[in-house]
Amino acid sequence: QLDPLPPITPEFVDVLNKVCEQCYTDFAPDELEVGVREHILQDLETFVRRQFTGAQLQLFGSSKNGFGFRQSDLDICMVLEGQETIDDVDCINIIESLARLLKKHPGLKNILPITTAKVPIVKFYHVRTGLEGDISLYNTLALHNTHLLASYAAIDRRVKILCYVMKVFAKMCDIGDASRGSLSSYAYTLMVLFFLQQRNPPVIPVLQEIYDGKKKPEVLVDGWNVYFFDDLKALPSRWPQYRKNTETVGELWLGLLRFYTEDFDFREHVVCIRQHGRLTTFNKQWTSKYIVIEDPFDLNHNLGAGLSRKMTNFIMKAFINGRTVFGTPIKAFPPMYPSQMEYF
Ligand code: GTP
Ligand code: MG
């Protein structure tokens, strides 16, 4: 049972806007930090090529999708020139020998191969910057979803700000670490994008549903269609709703918390950013799960699959509390994150 929210005054919307904007300016990396990441990547590629001739390294994840924090990890994908894919056995062998090689790199520490995960990786720690990172092989779908998220981020500034706010909120409520049983940043980003697509009028379109002709083009990667409309300059003429939504970030943030606590029925509905029409857990045969978030390309992948009942309740409680905290007018917010700064 949810407490009713008092009416929101224009002054309070101002406060909410400031909090959201502040979150973004406090945590978004500047150009210099973006450059540092590219530099580390170049250095690693040169080093790795000593043993793996033709190795190509590419950044993905939040270093590239527009929602990176200063301390976000470096997600790196490695491919070998002239080789299209890799089988599981080769993948594990290369990960292991890559780990042995990286141990000789003077600038890295804590090299750890993880070969049992769905996506095998080598983890490392970059001493000079204090950044953590991992290298995966042929993680091609992730490169495409990074590009998809980056495209949404580029459509409207509010998208970027809200995704930052959501990530900060998740970290602060301790519900944003998939390795400890909650949801990944990627999952929360999908939740924000879904909300912005479902808003009336919508803030962003469904890029996977915009195409010429009758049939959606097919661009197959690992058996999945990764097509989406990425000619953003042409978007205003292709999407009638472009810029129709004029809400502020503060209104949208409270709107999001209310959407996921008041409107969205987790038992029945799927968070699904690839189509505007409603998708149900029944359609997906995912009825036993409570928070269901469908990957935009790998349609068999439910980002909420690893959640326990207890964790699901914990996450829902965080949203319900968030709704009360951000939905109750006060004169001004106290400084939002005094001691948590080092967290990021
Ligand atoms: P931060 O590192 O927390 O700033 O965000 P991130 O988006 O980089 O998240 P993370 O490092 O956990 O994941 C890196 C990328 O892997 C994501 O951005 C996605 O592109 C991709 N990815 C695809 N599927 C999954 C998944 O099931 N879980 C996670 N975590 N990442 C996925
Ligand atoms: Mg990352």
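A nitrogen atom of ligand 1 is found 3.5 Å from an N or O atom in the side chain of Ser184, a polar contact being a pair of N or O atoms within 3.5 Å, where within protein one must be able to donate a hydrogen and the other to accept it, and residues adjacent in sequence count only if both atoms are side-chain atoms. This is a predicted model, in which local features need pLDDT of at least 70 and side-chain atom pairs count only at pLDDT 80 or more, whereas totals for chains, interfaces and linings use all residues. Side-chain values use heavy atoms, with hydrogens and water left out, residues are numbered from 1 along each chain as its sequence is written, and chains are lettered from A and ligands numbered from 1 in the order in which they are written.

| Residue | Ligand 1 atom | Distance |
|---|---|---|
| Asn145 | oxygen | 2.3 Å |
| Ser184 | nitrogen | 3.5 Å |
| Ser185 | oxygen | 2.6 Å |

Of the 580 Å² of accessible area that ligand 1 has on its own, the protein covers 77% (Shrake-Rupley method, 1.4 Å probe; for residues, only the protein chains shown count as cover). Ligand 1 is surrounded by 16 residues, counted when one of their heavy atoms lies within 4 Å of it, and Ser62, Ser72, Asn145, Ser185 and His301 are the closest.

The magnesium ion (ligand 2) has Asp73 (OD) and Asp75 (OD) as its protein donors, at 2.0 to 2.2 Å; donors are N, O and S atoms within 2.8 Å of the metal (3.2 Å for Na, K and Ca), and water is not among the atoms, so sites may look incomplete.
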